[in-house]
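Trainee: I would like to learn how to read side-chain features in a model. Could we go through some together?

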Amino acid sequence: VVGWSADSKKIVFRTVRNGVFPSVATLFEVSVDGGLEQPMNLDWGYFGAYSPDGKLFAFNRHPSVWWRQHYRGSYSADLWVEDVAAKTFHKLLPEEQQGPNSLWPMFGANHEIFFVTDRTANEKGIKFGGAEVMKSVNNIWKIPAGGGKAVQVTHHTSGRLAWPSASADGKIIVYEEDFGLWQLDTATRSEEHTSELQ
């Protein structure tokens, strides 16, 4: 299970059935009442989320190696956005080829996309396998749904941030960080307003 449709009437899930390749997943939807599942309008898909109004769908197109910290390579998860009605797509951060993973896209309340990445402040100057890339750690970043500059939101240092989940209205994100549960208010967008739950 990946998530829900904006109206909570459908469940979004990932599967390798009918994939381009046997091991490459894509996303399907099925009614909460059951019935026949339907493929989404994507060729590939791994993680994804609808905007609160249901007009946009943000997703990771490539299969991802989310468990590999410091990974930079051809399997890096990239961010895409679909205009659901128009059935058009655009890639966020298109200049980053084989850059850091950009995982678990979620919408905030203001059509900003929040995601987890271990990018660094000097990502373009980083040497693959070098000392600088080994300092990269997972944190939550945000970017406008229409594209633009990615901005760091949280400032954890363990590199163990994973499995975030946003509320239906996009106002709260709850995530795991170093075996603790944390809550982020997306409106304040600052680490100081993140509180530990455990």
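Trainee: Are F47 and W104 buried or exposed?

Mentor: This is a predicted model, so read every value as computed from it. Both F47 and W104 are buried. For F47 the relative accessible area is 6%, and the cut-off for buried is under 20%.

Trainee: How is a pair of aromatic rings described?

Mentor: Two values are used: the distance of the centres and the angle of the planes. A search of the whole structure gives 8 aromatic pairs. One of them joins F47 and W104, with 5.3 Å centre to centre and 40 degrees between the planes, a tilted pair. F47 sits in the loop between β4 and β5 and W104 in strand β9, so this pair ties together parts 57 residues apart in sequence.

Trainee: Which aromatic pair do F47 and W163 form?

Mentor: That pair is edge-to-face, at 6.2 Å centre to centre and 85 degrees between the planes. The angle is over 60 degrees, so the pair counts as edge-to-face. It links distant parts of the chain, since W163 belongs to strand β13 and is 116 residues from F47. W163 is partly exposed, at 41% relative accessibility.

Trainee: Which residues do ring pairs link into a cluster?

Mentor: The cluster consists of Y46, F47, W104 and W163.

Trainee: Where do R17 and R61 lie relative to rings?

Mentor: R17 lies over the face of F28, 5.9 Å from the ring centre. R61 lies over the face of W44, and here the distance from the ring centre is 5.1 Å.

Trainee: Now charged pairs. How many salt bridges does the structure hold?

Mentor: Side chains of opposite charge can pair when their charged atoms come close. The structure holds 6 salt bridges. Among them is R72 with D118, whose closest N and O atoms are 3.1 Å apart. R72 is in the loop between β6 and β7 and D118 in the loop between β10 and β11, so the bridge ties together parts 46 residues apart in sequence. Both R72 and D118 are buried.

Trainee: What is the N to O distance for D78 and K91?

Mentor: Their side chains meet in a salt bridge at 3.9 Å. The cut-off is within 4 Å, so this distance qualifies. D78 is buried, with a relative accessible area of 8%.

Trainee: Last, the backbone. What is the phi of H70, and what is that of F179?

Mentor: H70 has a positive phi of about 70 degrees although it is not a glycine. F179 also has a positive phi, near 70 degrees, and is likewise a residue other than glycine. H70 lies in the loop between β6 and β7, and F179 in the loop between β14 and β15. H70 is buried at 17% relative accessibility, whereas F179 is exposed at 71%.

Conventions
Residues numbered from 1 in each chain as written. Predicted model: local features only at pLDDT ≥ 70, side-chain atom pairs only at ≥ 80, totals over all residues. Heavy atoms only, no water. Phe/Tyr/Trp six-rings, centres within 6.5 Å; stacked < 30°, edge-to-face > 60°. Helix = DSSP H or I, 4+ residues; strand = E, 2+ residues; numbered from the N terminus. Buried < 20%, exposed > 50% of the residue type's maximum accessible area, 1.4 Å probe, protein only. Lys NZ or Arg CZ within 6 Å of the ring centre and 35° of its normal.
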